[in-house]
Amino acid sequence: MQTERMSLEPGQHSAKTATVKQISDTLWYVRWTARLPTGERIKGRNQAKTRQLARRRAVEAAEARIKNPHAVEWKPSHKLADFVKAVSTPQIESPRLAEASRAAYARDLGLLMGICNSDDHKHSASLKGLMIGSAMRFRTLENCLLEISHLHGYETARGVKVVLGKYVIGQLVRSGAIDHNPLAEIQIDLKTGAKPFDKRPTGKALATEDYFRVVNHLLALKPEAGVAGPKRGRWSKDVIVGRRRNAIDLTLLQAATGLRIGEARQLEWDRHIEVRGGVLYVLVTPEITKTPKGREIPIADLLVAKHLLARRELLPASARYVIGAPSDPDKKWDSRNAREMVADLYKEMSAALNIELMKVLRSHLWRATLNTLTEDRLSVGKRSAMFGHSKEVNVAHYTDVEDVSGMVRIMSELRAEHAESTPKSTL
């Protein structure tokens with residue numbers, strides 16, 4: 001207690017010397033005081049399962065406040081949504097995390113806040129609109145997680161719980177807005193009542209005829225058709241049309257190359273697109289693929305190649321990304337936004353073309369289809385190099401042995417047989 005009463009100079013704190021008190025066999029806490037560089041005196045409290053961890057958290061919290069005296073002092077009366085936006089989201093968007101992890105964590109964080117792309121259900125137990133104090137009650141958090149499990153499945157709910165613990169509750173404890181983790185040492189049964197896991201089939205490919213029906217349908221689609229300017233909302237008509245154009249062109253690019261969606265979103269005109277000998281090539285460099293090896297992919301379908309090059313003419317000369325953000329092609333298209341728009345497009349095409357497989361499959365559909373269509377003319381080694389995975393993975397997951405119609409003709413022959421016109425000139 002003597003330490004708490006001592007005079008503190010600006011920039012000093014008592015967290016290193018304050019008494020660590022025991023609440024129970026597994027819970028300790030530290031109350032500390034700090035004097036900010038501005039001269040303001042503040043108090044804090046941190047707790048943990050061990051004496052040492054409680055001390056460490058207190059020191060970290062005190063020094064963080066001194067280092068950034070103008071940071072918001074989060075309190076239980078603040079809105080959780082504001083905290084998530086200011087603290088949790090920047091943590092998840094950190095470049096030290098892999099892009100796939102950032103996308104998954106952002107999706108899980110969105111589910112906590114009731115942000116969901118499904119039209120057939122609502123998240124009535126989400127944390128949206130709640131104050132920090134109200135949201136950080138065990139029953140509130142439990143109901144939110146159970147609802148996510150019921151609507152999206154156990155695996156999703158389990159991932160959301162991890163994000164909740166690390167990027168929301170953990171950050172709230174660090175900021176001093178709450179004293180402890182309300183989920184600590186209490187189990188939640190996320191399996192009972194969970195939505196059954198709907199595993200997407202692997203290795204399923206479109207029949208040759210269906211593949212070209214899809215590609216031709218995409219080539220004919222007008223992004224602006226049927227789009228009216230919103231009477232309300234954050235998106236202008238131009239942005240809505242841009243998002244739809246992006247989804248169409250991204251899908252065409254993947255259908256012609258088998259690119260992963262993460263790879264396609266990172267392509268830059270100057271670094272990854274090249275025309276040689278009348279053929280358009282996509283240069284997949286090591287830093288944009290999940291494998292350590294780069295690769296080159298020719299776009300054999302000249303109709304798709306010409307469509308993608310025509311897209312370049314619609315963009316500002318300074319546009320950086322091939323499929324950039326709809327409102328600014330100098331910026332990368334947000335992963336979650338891209339996946340949502342592409343999912344909507346697939347569902348639309350499934351209904352328009354009566355192709356059931358497109359209801360459930362996404363990017364990997366093209367890898368399996370292209371593998372199957374070219375299997376008779378390209379060795380497994382060449383196909384593996386084109387798609388960026390091992391021969392074993394190629395055979396196990398990306399070849400549909402049920403579709404024998406795709407084993408007898410290569411892409412140029414197939415286009416001539418399944419399209420009304422085939423371009424004769426080079427690019």
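A salt bridge here is a side-chain nitrogen of Lys or Arg within 4 Å of a carboxyl oxygen of Asp or Glu. Keep that in mind, everyone. What we have is a predicted model, where local features need pLDDT of at least 70, side-chain atom pairs count only at pLDDT 80 or more, and totals for chains, interfaces and linings use all residues. Residues are numbered from 1 along each chain as its sequence is written, and side-chain values use heavy atoms, with hydrogens and water left out.

Salt bridges, then. How many does a search of the whole structure find? It finds 17. Take Glu287 and Arg271. Their side chains meet in a salt bridge at 2.4 Å, N to O. The two are 16 residues apart: Glu287 sits in the loop between strand S5 (279-284) and strand S6 (295-298), and Arg271 in helix H11 (residues 269-272). Helices (H or I, at least four residues) and strands (E, at least two) are DSSP runs, numbered from the N terminus. Salt bridges with shared partners join Glu268, Arg271, Glu287 and Arg320 into one network.

Buried or exposed? Buried means under 20% relative accessible area, exposed over 50%, partly exposed in between, with a 1.4 Å probe and protein chains only. Glu287 is partly exposed at 46%. Arg271 is partly exposed too, at 42%.

Next pair: Arg260 and Glu263. Their closest N and O atoms are 2.7 Å apart. Arg260 is buried at 11%. Glu263 is buried at 2%.

One more. Glu60 and Arg174 form a salt bridge at 2.9 Å, N to O. Glu60 lies in helix H2 (residues 51-67) and Arg174 in helix H7, so the pair ties together parts that are 114 residues apart in sequence.

Now helix H4, residues 99-112. The expected span is 1.5 Å times one less than the number of residues. For the 14 residues of H4 that gives 20 Å, and the end C-alpha atoms are 20 Å apart, which agrees. Its buried residues include Glu99, Ala103 and Asp108. Among the elements covering the buried residues are helix H3 (80-92) and helix H13 (335-353). After H4 comes Gly114, with a positive phi near 80°.

Last stop: Gln47, in strand S3 (residues 41-48). Gln47 is buried, at 3% relative accessibility. Its side chain makes a polar contact with the side chain of Arg45, at 2.8 Å. A polar contact is a pair of N or O atoms within 3.5 Å; within protein, one must be able to donate a hydrogen and the other to accept it, and residues adjacent in sequence count only if both atoms are side-chain atoms.

How values were computed:
Contact = heavy atoms within 4.5 Å.
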